[in-house]
Amino acid sequence: MSVARVLHLSDTHFGTEQAPVVEAVLALARELLPEVVVLSGDITQRARADQFAAACVFLSRLGLPTLVIPGNHDIPLFNVAARILNPYGGYRRAIGMALEPVFSNERVLAIGVNTTRPSRHKNGEVSREQIDRVCTQLRRARPEQLRIVVVHQPVRAVVESDTANLLIGRDAAVPAWVDAGADMVLGGHIHLPYVVPLPTNSGRRAWAVQAGTAVSHRVRGSIPNSVNVIEHHVEGGRHHCRVQRWDFDGGNRKFATVDSKVLELSR
């Protein structure tokens with residue numbers, strides 16, 4: 001039995017990273033050798049050249065396939081001219097030209113969606129065109145693939161105060177994506193890890209998977225640096241999937257499993 005793994009990181013906020021935690025993430029990636037490492041936005045703290053350079057070094061050291069999308073922090077905040085005239089210039093120079101990359105192999109399909117908007121400070125949005133594009137890509141997925149959509153802002157909240165951070169357009173996007181075949185929507189933004197079911201029109205089972213901040217000191221409350229490991233395999237025609245939450249253990253200077261959820265997928 002061959003298990004496909006996806007390492008889900010978010011909100012690295014380079015410029016506020018902690019060196020021991022960065023090394024621990026790299027060690028975990030080397031240990032797990034995932035199919036792809038997903039970074040769901042806020043790669044930098046303030047979209048500065050040195051912060052993008054640090055992120056670029058991190059990605060190079062990973063040495064693994066990656067799918068990276070921008071977050072609201074990856075657009076200049078104080079450099080108003082750059083925000084208006086070339087909001088993704090620094091991101092594209094360091095990370096790559098694609099703002100909505102797609103990763104696909106025999107076992108995983110991951111579709112990136114750029115939910116940032118230069119006209120908004122932190123809120124994210126998804127357009128009708130983006131919804132339709134993702135649906136088309138999902139419908140082309142192979143039966144054995146785990147189907148993932150990656151956004152920055154969350155599509156479901158578990159804390160009332162986070163409802164203001166929810167992705168604008170989610171009420172149209174999420175049911176459409178799930179009905180088109182999505183198994184999960186990965187996100188970040190609020191530095192709070194959780195896994196909850198997604199709404200659907202057809203009764204398909206799908207999940208919102210949120211990650212905490214991977215390496216930044218900007219942790220939320222008592223939640224330490226956190227990443228997700230998603231495992232998926234097909235056996236006897238049945239799909240098996242689980243999401244593990246790994247937290248940084250400062251005493252041992254490495255990440256350790258603190259939670260594991262088995263997810264029911266629809267096929």
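Start by selecting Glu231 and Arg5: the two form a salt bridge, with their closest N and O atoms 2.8 Å apart. Keep in mind as you look around that this is a predicted model. The pair links distant parts of the chain, since Glu231 sits in strand S10 (residues 226–235) and Arg5 in strand S1 (residues 4–9), 226 residues apart.

Next, select Arg61 and Glu23, whose side chains meet in another salt bridge (2.7 Å, N to O). Arg61 belongs to helix H2 and Glu23 to helix H1 (residues 19–32), so this contact ties together parts 38 residues apart in sequence. Arg61 is partly exposed, with a relative accessible area of 43%, and Glu23 is partly exposed too, at 35%.

Now go to helix H5 (residues 128–139) and pick Arg128 and Asp132, which are separated by about one helical turn because they are four residues apart in that helix. They form a salt bridge as well, with the closest N and O atoms 3.0 Å apart. Asp132 is partly exposed, at 37%.

How many salt bridges does the structure hold? There are 14.

The largest pocket has a volume of about 270 Å³. To find it, select Ala47, Arg48, Pro76, Asn79 and Ala82, the closest to its centre of the 19 residues in the lining. Colour helix H2 (49–62) and helix H4 (89–94), each of which supplies at least two lining residues; H4 gives the largest share, five residues. By class, this lining has 11 nonpolar, four polar and four charged residues.

For the second largest pocket, with about 160 Å³ of space, select the lining residues Gly237, Arg238, His239, His240, Val262, Leu263, Glu264, Leu265 and Arg267. Strand S11 (238–249) and strand S12 (254–263) each give two or more residues to that lining, and S11 gives the most, with three. The classes divide into three nonpolar, three polar and three charged.

Last stop: the surface. Select Val80, Ile84 and Leu85, which form a nonpolar patch with about 360 Å² of accessible area together. Leu85 lies in helix H3 (residues 80–85). Is Leu85 buried or exposed? At 73% relative accessibility, Leu85 counts as exposed.

Notes:
Residues numbered from 1 in each chain as written. Predicted model: local features only at pLDDT ≥ 70, side-chain atom pairs only at ≥ 80, totals over all residues. Heavy atoms only, no water. Patch = residues over 30% accessible without salt bridge, like charges linked within 9 Å, V, L, I, M, F, W, Y side chains within 5 Å. Areas by Shrake-Rupley, 256 points an atom, 1.4 Å probe, with all protein chains shown as cover. Salt bridge = Lys/Arg side-chain N within 4 Å of Asp/Glu carboxyl O. Buried < 20%, exposed > 50% of the residue type's maximum accessible area, 1.4 Å probe, protein only. 1 Å grid on protein atoms, 1.4 Å probe; cavity = no way out; pocket = protein on both sides within 12 Å on 5 of 7 lines; lining within 4 Å. Points joined across faces, edges and corners; volume = space filled by probe spheres on them. Nonpolar A, V, L, I, M, F, W, Y, C, P; charged D, E, K, R; others polar.
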